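Good morning, everyone, and thank you for making time for this.

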Amino acid sequence: MSMYQRVLKALCVLLVAYAGCLAIAGLALIGVAVAGTSLDLQIDGAAVTGAEAIALCAAAGAIFLVVGLLDVIVAILGLRGVRRPEALKPFIVCASIILALNVANTAYSAATGALSGNNLLNLLLPLFVQVLALLCAGHIRKEHAAGTMAASQPIDRGPSLGFMRVIQVLFAINIIAVLVSCATLRSGTYTLGFSEVLDMVNLVFDGVSFWLIMQRSRGARYWIIGFSAFNIVAGTIYNAATGQFNVLDQLGASAFDIVLLLYFLFAKRPRQVLTVEFTARRCKELVVRAWDLWQPRIWSFWRSMIIYFCLFSIVGHWMEAGFCLFIKWGIVPGIYDPNSGIWHDYLNPFPVYGAGMVACAVLLFPIKNLLEEKLGGIAKPLVASFIVNALVCAVIELVLGLTSNMPDANGVYPLWDYSTMPFNFMGQICLQNTLLFGVVATLMTWVVYPALQREYLRLPESMRQTFFVAVLVFYAIVICLYVINITLPV
């Protein structure tokens, strides 16, 4: 299976998961409307109640359900096209129609002034995914037409997973249930105690366990045995320390972990099926050159980009909080909001910083390499790279400002306001922040990204993929906890 087939398959699987959640939400809204539950809705600041609210709820549910089912059909067509490239045309046609509708919706939002920082990512991310899927489908058809696509060989997986397949399903159900419950929480209305944090950690454990079992990795046995034992011991110690320990309650709470522990310790099937070696040994002999760190044609490169996007979305939150502290202490000029959300919920991701890290790796790093080749030495390429980085950051911030940070009728900027800063342009960019962004981008391009990518490439493939799964599950938790807020009608 080529890289394009793998990427298209992954996108279609994600689309099935997303569309399934959309369809379930639509069914829930329709059920609420059919039941005639009393609803109080707020639409553009106006209260909507009674029959009108029920009708709106039913209409929204019907739209969610129809869109979800259509997306499922498109994803199934894409998965069929991955297996049979000659049958990709229906997927390309349907995906092109949906892409055109989304482009029209985005253009309409921009034309009517409805495009803002709150919905910009929600509109642009599906466009990016759809364009990527269509590009992959086009490459697959070209490879198939040219006869360069390697024929897929049936893989002998050996003995069936048996009861471990049931365990995988339970892991998947728990992941979906906890993520949905997190998405219904609103910031400031809950506190994360020991049991809640343990649930989040267990979600990462479930995701990694699901992946290791699917790969039939020998390390799955030791991973699940160790983590199940940890859950049992940690829960017992916590309940005993807080005076809540009861033998029967503790046995009930630990029942699933006890079953996992006993099954993977004593059952024969895990020993027979989980046989693929999993090694954590580093490849110390590997010599990585600068251009080896930039390989956009291979999946491993984009997998690392997804990892950096997830992690630096959170690290960027911490960086912004630190910079605001410098403003607060008077070290650098500027204004800050003491009531801003950056001072709490420190795991709340700021995707713009994750996108910035990816931009440094995908765009600015190859420019830095070219400057080194053309100019030679260190000083000249470093200065030239800094200038390019600062200009690119200024353009990006200006575009974001003009699309999502225009002042209202009272002249108030919704996101940031540089109008009081020296050397500002339209209140959207200023010299101080442009220079600061240039320094950070240069540091990321010359030091942070090369160091991280070298360590990433030295890891064996099994560890890279497992770490990728763990990061994805963790990022899904924080997205559902802080970004997605589903309001259930009552």
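**Aromatic residues and a helix pair**

Let me begin with one aromatic cluster, which is formed by Phe-171, Phe-205, Trp-223, Phe-227, Phe-230 and Phe-256. Rings of Phe, Tyr and Trp, the last by its six-membered ring, are paired here if their centres lie within 6.5 Å, and planes under 30 degrees apart count as stacked, over 60 as edge-to-face and the rest as tilted.

A word of care about the source: this is a predicted model, in which local features need pLDDT of at least 70 and side-chain atom pairs count only at pLDDT 80 or more, while totals for chains, interfaces and linings use all residues. Residues are numbered from 1 along each chain as its sequence is written, and side-chain values use heavy atoms, with hydrogens and water left out.

For the overall picture, the protein chain has 15 helices and four strands, where helices (H or I, at least four residues) and strands (E, at least two) are DSSP runs numbered from the N terminus. Of the 490 residues in the protein chain, 36% are buried, and buried means under 20% relative accessible area, exposed over 50% and partly exposed in between, with a 1.4 Å probe and protein chains only.

Now to two of the helices: how do H6 and H7 pack? Helix H6, residues 194–214, and helix H7, residues 219–241, pack at an angle of about 170 degrees, with their axes 10 Å apart, the axes being lines fitted to C-alpha atoms over the stretch in contact and the angles running from 0 to 180 degrees between N-to-C directions. That makes H6 roughly antiparallel to H7, since angles over 145 degrees count as roughly antiparallel, under 35 as roughly parallel, 65 to 115 as roughly perpendicular and the rest as oblique. Where they meet (contact means heavy atoms within 4.5 Å), the residues in H6 include Phe-194, Phe-205 and Leu-212, and those in H7 include Trp-223, Phe-227 and Phe-230.

Returning to the rings, the count comes to 15 aromatic pairs. In one of them, Phe-301 and Trp-302 have ring centres 5.2 Å apart and planes at 85 degrees, so the pair is edge-to-face. Phe-301, at 2% relative accessibility, counts as buried, whereas Trp-302, at 32%, counts as partly exposed. Phe-350 and Tyr-353, by contrast, form a stacked pair, 6.4 Å centre to centre with 25 degrees between the planes. Here Phe-350 counts as buried at 18% relative accessibility, and Tyr-353 as partly exposed at 26%.
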